[in-house]
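Hi everyone, thanks for coming.

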Amino acid sequence: MILLCLCSTVAPTPLNILHTIAEKYSSASTLVCKTEAFYPGNLIFNWYINGTIISTGINITQQQNSDGLYQASSSVGVTQSLQSVYTCMVSHLSLRTEGITLNHGLFV
């Protein structure tokens with residue numbers, strides 16, 4: 001049985017950021033920002049480092065669940081540097097504010 005959301009809009013869940021390291025003792029790693037249970041599927045991810053937008057190296061995946069709602073994630077490759085703060089921002093038409101943000105600090 002497939003359920004379909006007949007909602008006009010459903011806001012995304014709060015963001016979650018995961019930090020994965022490519023290799024032990026490596027300075028290269030990836031941040032993944034995830035959200036789910038939103039509708040419709042048009043969602044915009046933006047990444048910032050120390051308040052400056054990151055315009056390259058961003059990957060986005062999105063899929064629709066069997067209930068008609070969507071889930072999405074965005075990843076960005078990062079190099080650990082002294083006191084870098086990465087921010088993931090999600091914009092969706094259901095949000096009454098500019099977007100949802102979540103910060104993740106990398107400290108060496």
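Predicted model: local features only at pLDDT ≥ 70, side-chain atom pairs only at ≥ 80, totals over all residues.

**The core and what holds it**

Let's start inside: the largest nonpolar core has 18 residues, and L31, C33, F45, W47 and C88 touch the most other members. By nonpolar core I mean a set of buried Ala, Val, Leu, Ile, Met, Phe, Trp, Tyr and Cys residues joined through side-chain atoms within 4.5 Å. Buried is under 20% relative accessible area, exposed is over 50%, and partly exposed is in between, with a 1.4 Å probe and protein chains only. Strand 2 (28–38), strand 3 (43–49), strand 6 (70–79) and strand 7 (84–92) are the elements that give two or more residues to this core. Strand 6 supplies the largest share, 4 residues.

Residues are numbered from 1 along each chain as its sequence is written, and side-chain values use heavy atoms, with hydrogens and water left out.

Okay, the overall picture. The chain has 8 strands and 0 helices; these are DSSP runs numbered from the N terminus, at least two residues of E for a strand and at least four of H or I for a helix. Of the 108 residues in the chain, 36% are buried.

Now, which two residues does the disulfide join? They're C33 and C88, with 2.1 Å from S to S; the cut-off for a disulfide is a pair of cysteine sulfur atoms within 2.5 Å. C33 sits in strand 2 and C88 in strand 7, so the pair ties together parts that are 55 residues apart in sequence. The torsion about their S-S bond is about -85°, so this disulfide is left-handed. And both cysteines are buried.

What else is C33 in contact with, leaving aside its neighbours within four places in sequence? Besides C88, the list includes L15, I17, F45, W47 and A72, where contact means heavy atoms within 4.5 Å.

W47 takes us to the strand pairing. W47 stands opposite C88 in strand 7, and strand 3 pairs with strand 7 in the antiparallel sense over 7 bridges. To count as a pair, two strands need at least two bridges found by DSSP. Strand 3 also runs antiparallel to strand 4 (residues 52–54), joined by 3 bridges, and there Y48 stands opposite I53. That hairpin has 2 residues between the strands, and N50 takes a positive phi near 50°.
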